[in-house]
Amino acid sequence: MQGIFAAMIRDRTCSGDLGEKRFNSGFLSHGDPPMPLANRLVAELIGTFWLVLGGCGSAVLAAAFPDVGIGLLGVSLAFGLTVLTMAFAIGHISGCHLNPAVSVGLFVGGRFKASELLPYIVAQVIGAVIAAYVLYFIASGKEGFDLAGGLASNGFAEHSPGQYSMVAGFVCEVVMTFMFLIVILGATDKRAPAGLAPIAIGLCLTLIHLISIPVTNTSVNPARSTGPALVVGGWAIAQLWLFWIAPIIGAALAGIAYRWLGNEKT
């Protein structure tokens, strides 16, 4: 079993000298040869679909269910579990980014080709939008359902779960995404323990949600924010810019930081 896990992440990163780049499809993929781009894009679409359906679905359908609702802890765990399960399911196909910010961070960190960045992001957003509409269809099957609840959309100020300001939300998203990418880049470094990256990454996303759900409902993922926002419309779309800009800034900063941090020659 350990051999399977080791193969899963073998040659997925740059060498210790970050000047010698080995590009592949991402942080959990095999090194050579890469899967066809079409396969990887479909895998990203499916994986991001699962992340939004599982994470946002737990918030909309199960968080406040009478007597047995899963609450903030359960929603946080659900988001982490979607990444953990998809890492094992499609990590060897696409790298399991599921997140435009992750793709950007991997690119800046020297782990991902610029030519594949836009196709990955498009596939991720499509998967998130489909999931949001599926979730809306399911949730609206209950009498009294109202989109005013937000469908787990991200927001700040009056649309923040804890009424946190725009500046607080922006800083929170930058910092949380920065830490998420540091964990991703570190856990998938070829010098890290083999086979444990999906667990570290899934638990990191769980922790991020435990910290930041009260602030912004936790994005750290522009695709995850875009899906519900397009269904809800109005304020959710008006505030969507923050949940693209802040996570991408945080991811890019982490990519820059890890290129230095992980370089054995510094």
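Predicted model: local features only at pLDDT ≥ 70, side-chain atom pairs only at ≥ 80, totals over all residues.
**Entry 1: α2 against α8**

Helix α2 covers residues 37-62 and helix α8 covers residues 222-232; I read an angle of about 65 degrees between them. The two helices are therefore roughly perpendicular to each other, since 65 to 115 degrees is the range for that class. Their axes lie 10 Å apart, and I recorded the crossing of α2 past α8 as right-handed.

I then listed the residues at this contact. From α2 they are T48, L51, V52 and C56, and from α8 they are A223, R224 and P228. By class I noted 5 nonpolar residues, 1 polar and 1 charged in the contact of α2 with α8.

**Entry 2: α2 against α3**

I next turned to helix α3, residues 71-94, whose axis comes within 8 Å of that of α2. The axes of α2 and α3 cross at roughly 170 degrees. That angle makes α2 roughly antiparallel to α3, because the class takes angles over 145 degrees. I recorded this crossing, too, as right-handed.

On the α2 side I found N39, R40, A43, E44, G47, W50, L51, G54, G55, C56, S58 and A59. They meet V75, A78, F79, T82, V83, T85, M86, I90, I93 and S94 in α3. The contact of α2 with α3 divides into 12 nonpolar, 8 polar and 2 charged residues.

**Entry 3: α4 against α5**

I examined helix α4, residues 100-108, and helix α5, residues 117-139. They pack at an angle of about 165 degrees, with 9 Å between their axes. I therefore class α4 as roughly antiparallel to α5. The crossing of α4 and α5 is right-handed.

Which residues make the contact of α4 and α5? I listed P100, S103, V104 and F107 from α4, and L117, Y120, I121 and Q124 from α5. The contact of α4 with α5 counts 6 nonpolar and 2 polar residues, with no charged ones.

**Entry 4: Salt bridges**

I searched for salt bridges and found 2 in the structure. One of them pairs E116 with R40, with 2.7 Å between the closest N and O atoms. E116 sits in the loop between α4 and α5, whereas R40 belongs to helix α2. The pair links distant parts of the chain, 76 residues apart.

**Entry 5: Confidence**

I checked pLDDT last. The protein chain averages 89, and 88% of the residues score at least 70. Over residues 1-23, pLDDT stays under 50. For that stretch I noted 61 contacts beyond four places in sequence.

Terms used: Residues numbered from 1 in each chain as written. Heavy atoms only, no water. Axes fitted to C-alpha atoms, helices over the stretch in contact; angles between N-to-C directions. Helix = DSSP H or I, 4+ residues; strand = E, 2+ residues; numbered from the N terminus. Parallel < 35°, antiparallel > 145°, perpendicular 65-115°, else oblique. Left-handed = near helix turned anticlockwise from the far one by under 90°. Contact = heavy atoms within 4.5 Å. Nonpolar A, V, L, I, M, F, W, Y, C, P; charged D, E, K, R; others polar. pLDDT = per-residue confidence, 0-100. Salt bridge = Lys/Arg side-chain N within 4 Å of Asp/Glu carboxyl O.
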